[in-house]
Amino acid sequence: MRVLALNPGSSRMKGTLVERGVAHDSASWPGADESSDERAVDDAVRRWGHPDAVAVRFVHGGSRARPELVDDDLLARLARLTPLAPLHQPLSLGVASAARSVLPDVPVVASFDTAFHRGLPKAAARYALPRTWSERFTRHGFHGLSCRYALRHTSDVLGVHPGEVRMLCCHIGSGVSVTAVRRGTSADTSMGFTPLEGAVMSTRSGSVDPGLLLHLLDSGEVDLAALADALQHRSGLAGLSGTSGDVREVLAARARGDRDAALAIDVFTHRLRREIGSCAMSLDRLDAIAFTGGVAENQPGLLGEILDGLAPLDLTVDRELLFGSGDRLVSEPGTGAAVLVVESREDLELARDARDALRP
Ligand SMILES: Nc1ncnc2c1ncn2[C@@H]1O[C@H](COP(=O)(O)OP(=O)(O)O)[C@@H](O)[C@H]1O
Ligand SMILES: CC(=O)OP(=O)(O)O
Ligand SMILES: [Mg+2]
């Protein structure tokens, strides 16, 4: 089966043609409005021909545990989740609709980041809110397709069944999250009801004292729309450094001696280590830590800074391997938890989901 896997990110849309589990070619297109979605799908078809299926990554699937075939009803239901993932959901809805109109005879399958975290124990999934809220508004977790691939890859490298691996998956891209994986599922994760919770991100704040948010609203400093805009688009590395939030720009500014950029990186790495430390406590032992996502894959220097601050985890990282390229084990063998850098292959997981969803 030839699957066109589409992964709309906040900065760009990535597409891959996957045939029988093997990625043939990938491309990316700038996002994102209706016409650019159609252009991207048109371009993918021109490059790679008609696929047998299209798979689209949706960050938020609510409580859905499995991929689903897209129809008008599903799109309408997923559109209701847009306020919970405003940087991502509209892009996925847009490109799924574009795929249906460009390829009317081809099935389109929606895959959900949230599905991997369906097994979150209640202790990790619940917020300590009044009962009527704590049952309705639970922690979902995101970057699930990325975690699933990282688990698959890590268990291959370690030579053990995925169900036996106790690991952390640290996804460091525009969005940043840490997930503890046990028995093949999520034991805890840093993102919550929305992909705004947890670590500091490119433009997202990550966790902020809810008391501060109440104060900002109550004091009239901002209204709800301005607060949402600030937390989603103008916080994180962008807010602290005064750049776009692209890690490359922040690191370049720090190298020029910019103090705001240096502080932004310090806050980013500090808060990420805190999430790593707290997720590690959900595991009875730590076999591996996998680092994945655009920043982890391309910025070994910054990854080294993060790893340098993880002394209590007793990791032994080989600097030469760290500064290598491609998927690699960067820890010294036989010295505690394995440390891996893994390319985020959400595209392969998307294709797998499409095959599963369409299997007769
Ligand atoms: N050499 C590089 N190439 C691409 N992205 C890079 C590179 N170095 C750092 N990055 C960072 O990776 C981020 C994108 O990561 P990615 O996982 O593709 O994010 P997303 O899927 O959320 O858009 C960019 O914000 C950028 O800061
Ligand atoms: C969930 C999320 O933040 O995804 P991304 O890193 O692709 O923006
Ligand atoms: Mg991504």
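How many nonpolar, polar and charged residues does the shell around ligand 1 have?

Mentor: Happy to! By class, the shell around ligand 1 has 2 nonpolar, 12 polar and 2 charged residues (Ala, Val, Leu, Ile, Met, Phe, Trp, Tyr, Cys and Pro count as nonpolar, Asp, Glu, Lys and Arg as charged, and the others, Gly among them, as polar). This is a predicted model, in which local features need pLDDT of at least 70 and side-chain atom pairs pLDDT 80 or more, while totals for chains, interfaces and linings use all residues. Residues are numbered from 1 along each chain as its sequence is written, while chains are lettered from A and ligands numbered from 1 in the order in which they are written.

Of the 16 residues around ligand 1, those that come nearest are Gly9, Gly173, Ser174, Val247 and Gly294 (near means a C-beta atom, placed from the backbone, within 6 Å). Helix 10 (247-255) and helix 12 (294-298) are the elements that give two or more residues to this shell, and helix 12 has the largest share, with 3 residues. Helices (H or I, at least four residues) and strands (E, at least two) are DSSP runs, numbered from the N terminus.

The shell around ligand 1 also draws at least three residues from each of domain 1 (2-119) and domain 2 (144-207 + 234-341), with bounds from an automatic or database domain assignment.

Now look at ligand 2. Gly9, Ser10, Val59, Asp113, Phe142, His143, Gly173, Ser174, Gly175 and Pro195 surround ligand 2, and this shell divides into 3 nonpolar, 6 polar and 1 charged. Ligand 2 lies between domain 1 and domain 2, because both give residues to its shell.

How do the two domains meet? Their centres, taken over C-alpha atoms, are separated by 25 Å. Domain 1 puts 15 residues into the contact and domain 2 puts in 11 (C-beta atoms, placed from the backbone, within 7 Å). On the side of domain 1 that touches domain 2, there are 6 nonpolar, 7 polar and 2 charged residues.

Finally, step back to the chain. It has 15 helices and 12 strands. Its radius of gyration, taken over C-alpha atoms, is 20 Å, close to the 21 Å that the globule rule gives for 360 residues, so the chain is as compact as a globular protein of that length. That rule is 2.2 Å times the number of residues to the power 0.38. The C-alpha atoms fill a box of roughly 55 × 55 × 50 Å along the principal axes.

Definitions and conventions
Two residues are in contact if their C-beta atoms, placed from the backbone, lie within 7 Å.
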